[in-house]
Amino acid sequence: MNAMIATSAVGKKYGRQWALRDCTLTIPAGKVVGLVGPNGAGKTTLLQLAAGLLTPTSGTITVLDGQPGTSPAQLARVGFVAQDAPAYARLSVAGHLRMGAWLNPDWDGAQAEHRIARLGLDPRQRAGSLSGGQRAQLALTMAVAKRPELILLDEPVASLDPLARREFLQSLMEVVAEQGTNVALSSHLVADLERVCDYLVVLAASRVQLAGEVSELLASHHRLSGPRRDPGTLPANQEVIEASHTDRQSTLLIRSDGPVLDPAWTVRPVSLDDLVLAYMSRARDAGNSRRPGLEVVR
Amino acid sequence: MIRGGAWKFAWVQARTQTAVAVAALAAAAILAAITGPRLLHFYDTVVATCGSRNDCASVTTAFLSSYRVIQVALPPVLLVAPALIGAFWGAPLVARELETGTFRLAWTQSVTRQRWLAVKLILAGLAGMAVAGLLSLILTWWFSPIDRVQMNQFTPAMFGVRGITPIGYAAFAFAFGVTAGAFIRRTIPAMAATLVVFAGARLAFSYYVRPYLITPLRATSALVMPTESGPAPPLGAGAVKPGDLVVSDQTINAAGRVIGANGGVGPNGEIGIQVTHGRPSLAGVGACPNKFPPLGGGLRGSGGQPPADFNAAVQECIDRLGIREVVTYQPLSRYWPLQWDETLIFTGLAIVLAGVCFWQVRRRLT
């Protein structure tokens with residue numbers, strides 16, 4: 001197996017609106033992948049395509065070299081924690097675990113019960129009365145006990161308070177450490193992903209803006225500051241992602257394969273947060289420039 | 001996977017509604033078991049032998065008023081049971097999963113959504129059909145002596161609360177509910193749509209489809225004027241028996257054109273005789289070719305009734321004008337063939353709807 005998720009020009013349209021467009025990605029296996037982007041960027045669409053809940057309008061997607069959702073075997077290989085961790089409100093925690101045992105061939109019941117006990121959840125409690133954090137943990141437990149090769153999590157911590165957020169991500173990391181499972185999770189906050197992900201995909205305006213290993217992304221992006229100058233005069237191997245100018249000074253965020261040698265620049269590393277924000281605002285500006293009408297209003 | 005895991009989970013989700021249905025069935029069965037044998041005994045010992053004692057009228061009245069509460073209360077339960085199965089079992093089946101988002105949990109386990117749907121459709125659908133069928137069995141048995149007296153099981157009001165048709169209705173209402181839920185994606189509107197469409201389908205079928213499923217028999221006879229006293233003349237000169245379903249009852253003139261209905265010359269079954277300048281004529285048809293007796297005191301004779309020889313003259317006028325009555329009807333012998341036809345048609349519609357539902361869940365909800 002060489003790719004966790006491979007897409008080729010994949011797109012998904014709802015009515016006349018593209019939720020995801022022309023998305024070509026190859027995410028290598030053995031990673032913890034973060035999908036980051038503003039709300040409505042297409043993160044949920046991409047994850048649901050990978051889980052087999054949606055089928056693409058155009059293009060192709062393979063997950064672990066299989067067609068998502070087409071067979072029980074493929075479904076068994078992928079665990080999915082949907083946004084807001086939906087659960088049957090009137091079914092108990094134990095009932096949900098029984099459901100998992102009935103519907104999944106490789107269910108690890110002992111591990112599921114152990115996790116529930118460690119989390120301090122009452123197996124008899126109905127899912128409808130669980131807190132958001134507890135429900136998310138139940139959903140994660142179900143996804144993990146299925147023993148999938150890949151776990152997809154759609155905004156798993158978005159509705160959780162900071163403490164529950166940290167606990168959830170910790171338990172997710174334990175799963176990765178213990179079982180070596182592939183993981184892809186989405187968030188609109190880089191901070192959630194920074195600690196857990198080693199691969200990052202930035203989605204904005206229904207398109208992939210950036211994808212790569214976190215370490216490589218950090219190594220290849222630099223913040224340059226120096227006397228004001230036209231970004232067009234930079235060497236060819238330096239792509240400007242973001243530029244801001246004062247009367248005297250220019251600050252650039254660039255992507256460069258090689259080192260920055262020009263002594264006029266002060267070169268500083270970029271935080272992942274800044275990097276992602278730069279790509280997201282570039283996508284937004286590109287979207288706006290295609291609609292000049294909006295500019296006039298401003 | 002434990003074999004049949006999908007069935008077990010479908011059962012877990014359906015057990016509350018099943019318990020309610022079983023409780024209702026048990027209540028009906030107990031009620032019927034207590035009262036039914038007594039009713040049957042009453043019929044066998046008193047009603048069936050009334051001819052030898054010449055007290056049929058009073059005995060029948062007493063018989064038909066026994067267990068009045070059950071007679072009034074049970075048929076509506078069976079009447080609405082398929083609608084409730086459609087609205088409360090069918091409509092939420094997919095719609096609630098879509099509404100609450102739990103389909104994302106259900107459809108990402110190791111069971112394809114087609115299999116998930118098939119299991120739920122078969123389990124809950126067959127349960128609904130069984131509930132309706134058993135309830136109808138109880139009613140049909142309990143009411144059998146009453147039906148033998150009333151002979152009205154062919155009427156639109158009774159046909160659907162006896163025999164096997166409730167099974168077909170339950171299948172149809174359930175499948176419609178599931179499909180409506182899969183399209184509308186909201187439980188309450190899907191329930192409302194199910195109730196409205198089911199009621200419409202039942203009514204339309206009763207009045208516009210069932211009477212014509214088998215080409216009705218046709219009986220043409222002389223139009224016989226009803227007399228003030230005595231029983232009404234037999235329909236179709238006796239061809240139409242008690243218990244038959246009368247589909248239409250029309251009056252035609254000598255040329256075969258329809259000139260009235262319900263045993264009269266006119267849409268409301270009236271026979272109007274006009275006397276102008278001493279010449280009697282049949283309203284809307286023409287002058288009577290025969291002589292009428294002299295009407296000294298006008299049309300109203302002694303005691304407010306037309307004289308007997310006047311009625312005879314009207315009858316002669318009708319006969320000489322060539323007016324006849326055409327009755328189309330379904331004989332009682334076609335009761336069970338029509339029960340089967342209707343059940344199979346509604347079940348067939350249910351299967352088509354289930355196919356549409358599969359298509360929607362597989363292709364559209366993605």
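How many Å separate the centres of domain 1 of chain B and domain 2 of chain B, taken over C-alpha atoms? The separation of these two centres is 43 Å. This is a predicted model, in which local features need pLDDT of at least 70 and side-chain atom pairs count only at pLDDT 80 or more, while totals for chains, interfaces and linings use all residues. Residues are numbered from 1 along each chain as its sequence is written, and chains are lettered from A in the order in which they are written.

In chain B, domain 1 covers 5-214 + 333-364 and domain 2 covers 219-295 + 305-330; such bounds come from an automatic or database domain assignment. Each of the two domains gives six residues to the contact between them, where two residues are in contact if their C-beta atoms, placed from the backbone, lie within 7 Å. On the side of domain 1 of chain B, five of these residues are nonpolar, none is polar and one is charged. Here Ala, Val, Leu, Ile, Met, Phe, Trp, Tyr, Cys and Pro count as nonpolar, Asp, Glu, Lys and Arg as charged, and the others, Gly among them, as polar.

The two chains also touch: 19 residues of chain B and 21 residues of chain A take part. By class, the side of chain B has eight nonpolar, nine polar and two charged residues. Helix 1 of chain B supplies the largest share of that side, five residues. Helices are DSSP runs (H or I, at least four residues), numbered from the N terminus.

Within chain A, Val202(A) is in contact with residues including Val36(A), Leu210(A) and Met280(A), leaving aside its neighbours within four places in sequence.

Technical notes: Helices (H or I, at least four residues) and strands (E, at least two) are DSSP runs, numbered from the N terminus.
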